[in-house]
Amino acid sequence: MQEFEMLKSTITHVESVEEALGVEKKFSYQVELKGRITRDMVEEISRLKGEPDWMRRLRLRMLELFEKLPTPKWVRAVEEIDLEALVHYAKPQTETVSSWDQVPKEIREYYEKLGLPEIEAKALLGLGAQFDSEIIYFNLKKKLQEKGVIMLPMEEAVRRYPDLVQKYFMRVFPPEHKFAALHGALWSGGVFIYVPPGVRIEQPLETFFFIGQSMESQMEHSIVVADKGAYVHWIEGCSAPRLLKYSFHDGMVEGYAHEGATLKITTVQNWSRNVINFNNKRAIAEAGAKVHWVEGSIGSKTTYTFPSTVLKGEGASTEIVGITAAKGPYWKENGAKVWHLAPRTSSRVVNKSISAEGGVAVYRGVVHVQKGAKRARSHVQCDSLVLDKDSATLTVPHDQVFEETAVVTHEATASSISEEKLAYLRARGFTEDDAKAAIVLGFVGDILKDLPFEYAVVLGRVIELEFGKLSKVG
């Protein structure tokens, strides 16, 4: 219990991440690239990073596709994004370091308020921290290197392991829509992780992404590979201070679980209110492999994130768990996509959403079972907690089943905080705010218990702060 309280104290006791981090600061940058997205801009990013020619050519192909592909009509907030007004590459006035003492104080304070150095010391074998467009902190513990694990900032991996990176880079998630192509042209930052055959990494690895100022785009690219029989758990954290205008996040995560491997990816997105958040996330699972996604989507103005798994090999399986919090007049989509391409594949999708004060939480999902994927099994469960009459929840499932022996099921429930529940807790000594927070935490508790302890505490505390004070009930 003492450890629990100590970890809770790493998150400042305020109502939101915006209050914890304060209003955005002004920073000076070594390089800023802004304006119309042209061939010259793309080639300049490639030149600044010292990339091999194959990556420069890939960026230019992505630019051509971006210019040709239509804007998705189902995406809200797109009309608010003025790409020509954004800074698409912002390199801070610091190089990549391996000690927090070497990180500039004004930047380090952000990560300290979020408790990242403490979490690294207690729970992580490797950590990278990105500020705007570049990884500024990177530390890998010796035992990882001894096991042959590769964990590098993506730019460095592109230069040092080009053949290995090329096998996966935008091959797991090809440029199938306009914003994926934009990402491919402008990507910067992210991490490359490769775990050799049979190697198990029991402690998590993490990369943390931070947007420092308004009117920026952040487009990090991360690849996590578990080779045959390997095991790895990668955590992705995201945050930003209170932005005076907006910023645009368009990141990508590609995962690959080779035969018999287990790949776990946990995301805690706690963006501030003026971030428009698009995510492109997909993993491939070969025979007997397992892919587990946990997606905690708490902050932002608008979010679209659909962790996806392609079950390519016989007996492959996936679990995709999502927690979505939409408080205020915001639109959050946290869905899932699964493709069953082989026999005896299985998938389980669990999505929990909370809506309050005019928020709209959406589950949008696809389950595709290809003909020949015999005895495939899939179950989708969507549970929603709607806290007032001004808020809403939507469930938009899309099942495409072409195999007669497959079993695909879907269930959805919606509930609210009733006056009876509050009265019950008040009678047992809870204040009004504590009672509301307890009900919300209980709603997501079965998901939190499966997270690493430190992150269950952090995510639970964020939800508690977000929903402990509500203006109306029922």
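Me: Which strands pair in the antiparallel sense over four bridges?
Reply: Strand β5 (residues 150–153) pairs that way with β6. Keep in mind that this is a predicted model.

Me: What is the bridge partner of Ile 150 in β6?
Reply: Tyr 194.

Me: And in which sense do β6 and β9 pair?
Reply: Parallel, over four bridges. Strand β9 covers residues 221–226.

Me: Which residue in β9 does Phe 192 stand opposite?
Reply: Ile 223.

Me: Why is β6 largely enclosed by the rest of the structure?
Reply: Count its buried residues. Buried means under 20% relative accessible area. Five of the five residues in β6 (residues 191–195) are buried, so the rest of the structure largely encloses the strand.

Me: Which way do those residues point from β6?
Reply: Val 191, Ile 193 and Val 195 point one way. Phe 192 and Tyr 194 point the other way. All are buried.

Me: New topic. How many residues does the largest nonpolar core have?
Reply: It has 57. Phe 192 is among those with the most contacts inside this core, and so are Phe 169 and Leu 182.

Me: Which helix gives the largest share of this core?
Reply: Helix α4 (residues 53–68), with seven residues.

Me: What is Phe 169 in contact with?
Reply: Leave aside neighbours within four places in sequence. Then Phe 169 is in contact with Met 55, Leu 58, Met 154, Trp 187, His 221, Ile 223 and Glu 254.

Me: What does the second, separate core include?
Reply: That core has 43 residues, including Val 195, Ile 135, Leu 205 and Val 369.

Technical notes:
Residues are numbered from 1 along each chain as its sequence is written. This is a predicted model: local features need pLDDT of at least 70, side-chain atom pairs count only at pLDDT 80 or more; totals for chains, interfaces and linings use all residues. Side-chain values use heavy atoms; hydrogens and water are left out. A nonpolar core is a set of buried Ala, Val, Leu, Ile, Met, Phe, Trp, Tyr and Cys residues joined through side-chain atoms within 4.5 Å. Buried means under 20% relative accessible area, exposed over 50%, partly exposed in between (1.4 Å probe, protein chains only). Helices (H or I, at least four residues) and strands (E, at least two) are DSSP runs, numbered from the N terminus. Contact means heavy atoms within 4.5 Å. Two strands pair if DSSP finds at least two bridges between them.
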